[in-house]
Amino acid sequence: MAARPILCLLGSKAFVGFRWSSVCVFGESGRRYETTVARKWTLAKQWEGEPQLSDFRVIEEPVTLSSNAKEILIEAIYLSVDPYMRIKASNTPRFPTGGLVLANVGWRTHTAVPDPDKEELFGPVVRPLPDFGGLSPSLAIGCLGMPGMTGYFGLLDRCQPQAGETVLVSGAAGAVGSIVGQVAKVQGCTVIGSAGSKEKCDWLQELGFDHVFNYKEKSVDEALTEMAPDGVDIYFDNVGGDFTYDVMKSHMKFNGRIAICGAIAQYNAWERERSTTMFIIDKQLNIKGVYVPAYNNRYYEFVAQMSQWIREGKLSTKKQSPMDLRTCRTLLCRFSEDRISGRLLSGLPNPTRTLRTTLNSQMAFV
């Protein structure tokens, strides 16, 4: 009997500052499969400054489902910066054919998982996905996954926004920033977003941001003097660097709240950052880091609320046209160039055969 495919989801930290995830399919429970050839991205060498295509390479390795009663075998059907995978075979009834799971296994085509319940940084290596109520399972590594959790809890728990407050989001067209802005609108806030292109700014306006600006064309001081003349109550920081320095120096309200989520402007930089210490002291700013693993035990609570908002039309996602799988490494390099918005997924169209180099993929921002 042929294996009946199911979708499942995977995610793991592959390089500093970036994250990869995947969706998979189960085969018949308990069936032993022949050795499969897995392909995975690895570092050819550690880059200095900005990553280059030559810094990465693909290697192949054999993967076989063993007789371990807990083990499952997964095969990628979506790859992204995060990726998706599918489970081909399972030795445990806890992950039956047709079920969806979220997993942390790395950016690769096939993986045998000997202990799906093992606890790691982002929770169990594999855990069942909740019912998304008809929504695409690809959202589980986008707005209903780690990026969504980061934005949701980073804003609501760390900043506790109130209706009528002004929220500034840097890197607002990214996977996290776009969620933060939309959730802030649901809370009744005035939302300002910054991005690095007209296309991104136009998309943020479609999402309902009250004000947007292209930081490459308008300075932080110029934009915020116009858009937030009374100051900013909450700043959700995804970029760090000079942008954040200027916000904290001149535009935060007294007792303002700042969530430090990312620093993409500095991920590949070696220059020393300008100090913001005196601004923090003088304005008595409340600064909190956003560490999404701290909310692992609230994952299902988050999914229930976010999926409800999506069905009600309060949150939206972004999609992009198909791309070839072989361009995946290019996407990582494009992040530091500010050329990616939303969440990028690469869908592998055939969930029952081994991934080959020539396989085309569907890309979606979610």
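Predicted model: local features only at pLDDT ≥ 70, side-chain atom pairs only at ≥ 80, totals over all residues.
Q: What does the secondary structure of the protein chain come to?
A: There are 8 helices and 20 strands. Both are DSSP runs numbered from the N terminus: helices are H or I with at least four residues, strands are E with at least two.

Q: Why is asparagine 214 called buried?
A: Buried means under 20% relative accessible area, exposed means over 50%, and partly exposed is in between (1.4 Å probe, protein chains only). Asparagine 214 has 11%, so it is buried. This residue is found in strand β14 (residues 211-214). Across the protein chain, buried residues make up 55% of the 366 residues.

Q: How do you know which residues asparagine 214 touches?
A: Contact means heavy atoms within 4.5 Å. Not counting residues up to four places away in sequence, asparagine 214 touches Ala195, Gly196, Ser197, Lys198 and Cys201.

Q: What makes the approach of asparagine 214 to lysine 216 a polar contact?
A: A polar contact is a pair of N or O atoms within 3.5 Å; within protein, one must be able to donate a hydrogen and the other to accept it, and residues adjacent in sequence count only if both atoms are side-chain atoms. Here a polar atom of the asparagine 214 side chain lies 2.9 Å from the backbone nitrogen of lysine 216.

Q: Why is aspartate 210 called partly exposed?
A: Its relative accessible area is 37%, so aspartate 210 falls in the partly exposed range. You can find aspartate 210 in the loop between α3 (198-207) and β14. Leaving aside neighbours within four places in sequence, aspartate 210 is in contact with Lys185, Cys189, Thr190 and Val191. A polar atom of its side chain lies 2.8 Å from the backbone nitrogen of valine 191.

Q: Why is helix α1 described as largely enclosed?
A: Because 9 of the 11 residues of α1 (residues 146-156) are buried, the helix is largely enclosed by the rest of the structure. The buried residues include Met149, Tyr152 and Phe153. Their cover includes β12 (166-169), α2 (175-186), β15 (232-237), β16 (252-260) and α7 (299-311).

Q: What are the crossing angle and the approach of the axes of α1 and α7?
A: The axes come within 11 Å and cross at roughly 95°. That makes α1 roughly perpendicular to α7. Axes are lines fitted to C-alpha atoms, for helices over the stretch in contact, and angles run from 0 to 180 degrees between N-to-C directions. Under 35 degrees counts as roughly parallel, over 145 as roughly antiparallel, 65 to 115 as roughly perpendicular and the rest as oblique.

Q: What makes the phi of glutamine 284 worth a look?
A: Most residues other than glycine have a negative phi. Glutamine 284 has a positive phi of about 50° although it is not a glycine. Its place is in the loop between α6 (277-282) and β17 (286-289). With 46% relative accessibility, glutamine 284 counts as partly exposed.

Technical notes:
Residues numbered from 1 in each chain as written. Heavy atoms only, no water.
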